[in-house]
Amino acid sequence: MDREFCLEVAAEESTRLARERGDVISVFACGSIVKESPPDYTDVDLRVVIKSDGLESGFFEMKQGVPLEWTFFPKRRFDDRNTLLNASFLALELAKGIIVYDPTGWLGQVRADILSVYDRPSYQIERSQRLLDVAKLLYDRIRSSFESGEQASLWDVRCAIFWTGETPALMLNEVPNHRRLMIELKDVGARLDAPELYPAGLETLGADCVGETEVETFLIAALDNITYVNSFSDVPHFHISLDKRAYWEHGIRQMLAEGFYREAIWPILTLMSAMHSILSDNHASDSSKHYSHCKRFLDRIGFLSREDFQQKLIRLGEWIAQVQPLITRRRLLHQGGSLVDG
């Protein structure tokens, strides 16, 4: 995509949104689009800081051919710098992001304050450890639910996998890419001298032996089982409209065209995880071929049978255990003087 054009459209639409609403303080772009060489097809993630303290749904829209995804945050989330720095991703997004609307310069000052701490190796290590700790807590909750006979949340499992996979990227100060998580993990693992992270991630995901035709079938099944709305689903920060369906499908098919069949399982799982009804026993479309395909997909990657899910928990626990020594190694390297705080 033309990065500069996308950012121009984002700035124009941010100004329009601020004029229409009257409570917008600042807007910044984050995610893949802020990279110098963004993927060929990506949306523009926009974080909107508003005066209100209430929670508000975001939305997705196409403007001049540019996919824009808006998410709203109350100003109080940015007022305390320590709280902001301790957030899992918000400080990362702001530090790496591009401000597209900030008439008073307020967000620019917040960003400057964040950057004074953000690039320190010690902070990167602490941030990585916090994210892995969140993944551990979620993993323990999933395992506890499973062992007590309760049904584990598919979204929780997805998040535990995601946070474990993103922790190595945070160690390198990288911007997360949700859709291409497993693809980027291969490069991240190599840069951290831990190439085993990549196959371990695919095994944890349950995608280590799938092929192109199978993945394409699962993709269509997932897309056709979603109720398309222009607001958030039951899962916070996830929504999918008809416009965004085209975006997701295009992005995943691009991965398939590049030969990333196993890696494409990740965004498909994200789609399914956000739609709780897929695992429900009283799903209205039980007889549909797409619902059957979805169930087959989840069974194929180890989410349905108790025996397979138990193995998945073992693999996820092992993967988390592989990441922890990397944080320890970087901390020791830093303390030894090879990395210098700024």
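Which residues have the most contacts inside the largest nonpolar core? They are Phe 78, Ile 114, Met 182, Ile 265, Leu 269 and Phe 297, in a core of 91 residues. By nonpolar core I mean a set of buried Ala, Val, Leu, Ile, Met, Phe, Trp, Tyr and Cys residues joined through side-chain atoms within 4.5 Å. Buried is under 20% relative accessible area, exposed is over 50%, and partly exposed is in between, with a 1.4 Å probe and protein chains only.

Some ground rules. This is a predicted model, where local features need pLDDT of at least 70 and side-chain atom pairs count only at pLDDT 80 or more, while totals for chains, interfaces and linings use all residues. Residues are numbered from 1 along each chain as its sequence is written, and side-chain values use heavy atoms, with hydrogens and water left out.

Helices (H or I, at least four residues) and strands (E, at least two) are DSSP runs, numbered from the N terminus. Apart from this core lies another, of 22 residues, including Cys 6, Leu 7, Phe 59 and Tyr 101. In general, nonpolar side chains in soluble globular proteins tend to be buried together.

Take Phe 297. Leaving aside neighbours within four places in sequence, Phe 297 is in contact (heavy atoms within 4.5 Å) with Phe 218, Ile 265, Ile 268, Leu 269 and Met 272.

Next, the sheet. There is an open sheet of five strands, in the order S3-S4-S2-S1-S5, with mixed pairing. Two strands pair if DSSP finds at least two bridges between them. S3 and S5 (98–101) are at the edges with a single partner strand each, so one side of each has no neighbour in the sheet. The twist from one strand to the next averages 30°. S5 pairs with S1, residues 24–30, in the antiparallel sense over three bridges; Ile 98 is the bridge partner of Ala 29.

Two helices lie across these strands. H5, residues 106–118, lies across S1, S2 and S5, at about 50° to S1. H11, residues 242–257, lies across S3 and S4, at about 80° to S3. Axes are lines fitted to C-alpha atoms, for helices over the stretch in contact, and angles run from 0 to 180 degrees between N-to-C directions.

Last, backbone angles. Gln 64, in the loop between S3 and S4, has a positive phi, near 55°. Asn 173, in the loop between H7 and H8, has phi near 65°, also positive. Asn 173 counts as buried, at 10% relative accessibility.
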